[in-house]
Amino acid sequence: MALKKITEADLVGRGVAPPFPDKPSMSADELKNRFEETARKVIIPIVNGNVDALLASTGAREIGAAPPQDVVASPEGNVQGVLNGLRDYVNDKVREIGAGDMGMATYDTASLQTDIFRYACDAVAGNLLMNGGFDIWQRGASFDFGSSTTLVQYGADRWNNAGGACKHTQVGGTSPLGTKYALRVTAKSGSGAHAAMQQLFEDSLNLSRGATLSFYARASVACEANISAGSEDKKISLETGWKKYTLGFSPAFATGLYVGVGDLASGAWFEVAGMMLNHGPAPLEYTAPTYTDELLRCQRYYYKFAGGAVLHGFAVSTAALLTFVQLPVPLRVADPVLEFTPTQWTARGNGTNIALATAPTIDAGATRAAPNMMRLSTALTGLVSNQSYVLYCPNNVAHAAFDAEIY
């Protein structure tokens, strides 16, 4: 049904339209009906018909419209035609970039650079590195890994020395990305010029579509850096000024990302900032996660809880105290290494204050409360059995942490 206009012809003989007499000889009811006739028999039916036409599935054909530039309406002159033209225009553009019709979404496996679906997946996965912006430093801000070592040791969260003798230091205010910190790796005398940093991946990382690493770096002197992920080794030339580097890696299973510099004199260093590793052949821009989100990801591997900590528990005997540590996230492994310096720790309860002489141990029995709770057993003397106690640490002098890192 097409839309209809009210015309003069529709009003002829209706209501009080001419030739209605100036002095009608009719009853009040007849006069009332004549005044309502135009609305009831002309206006209302036409308006309702127009509404029905617009509400119908073909209603868009009843409304006039002009197409935007480069869009060909089909048919011309109405909203439905413009919508059809926009659909055809979008489909044509999608075909141009190789993804095919929106409704048929084909994959072009021979030309990955045009496969928008794989890029979408890569963007969702985001940064495969943890603490790539070097915001999290639970262990401290400066680490000296000795003059001769093969031990993997950690400094900034999730980053280790790759078994090399060097220094890792937190450096603030220098990152060209505007991130808070960069990581400086310094060579040491007797280290064999092995200044390196490394992040190990859990259960190996499947880079089935390849990967792209991008970051900023500089060095105290021009030098060559070795970078590896998966089965490939890359080399880049570091300069004394900040420079962005982008490297592509072939499909592989990767156990970690390694960055190292050889032939550095003692005291020479390199710095990195904003490290981003993503799936696929194209780099994604580094986007800093929130501090809270990054901290929680790192605390799955290492959780420091000293410094004002209060651990609640009870005495199971006169010589043994059980306390509980609430974890922000479950640890990577069920039985981590407990790092604990008893200095400054005291057990308080039942009117007593008992200094710790030895560190607690992790209770690994069936009585552990939950995946996000660790139970500690502490040997003490002078306890009252079945009484409540707390382990209290007033400051950071007493180190306490769970280490669930990869070594």
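Start with the open sheet: select its 7 strands, which run in the order 16-15-19-12-13-18-17 with antiparallel pairing. Its edges are strand 16 (352–355) and strand 17 (361–362), each pairing on one side only. Strands here are DSSP E runs of at least two residues, helices are H or I runs of at least four, and both are numbered from the N terminus; two strands pair if DSSP finds at least two bridges between them.

Before going on, note that this is a predicted model, where local features need pLDDT of at least 70, side-chain atom pairs count only at pLDDT 80 or more, and totals for chains, interfaces and linings use all residues. Residues are numbered from 1 along each chain as its sequence is written, and side-chain values use heavy atoms, leaving out hydrogens and water.

Next, select residues 346–349 and 388–392. These are strand 15 and strand 19, antiparallel and joined by 3 bridges. Look for Thr 346, which stands opposite Tyr 392 of strand 19.

Now move to strand 14 (residues 337–340), paired antiparallel with strand 20 (residues 400–403) over 4 bridges. Opposite Val 337 you will find Asp 403 of strand 20. Leu 338 and Phe 340 form the covered face of strand 14, while Val 337 and Glu 339 form the uncovered one.

Finish at helix 2, residues 28–55. Where does helix 2 bend? At Glu 36, by about 45 degrees (the angle between axes fitted to the seven residues ending there and the seven starting there). Then color Glu 37, Thr 38, Val 42, Ile 46, Gly 49, Asn 50 and Ala 53, which are buried (under 20% relative accessible area, with a 1.4 Å probe and protein chains only). The buried residues of helix 2 pack against helix 1 (8–11), with contact meaning heavy atoms within 4.5 Å.

Technical notes. Buried < 20%, exposed > 50% of the residue type's maximum accessible area, 1.4 Å probe, protein only.
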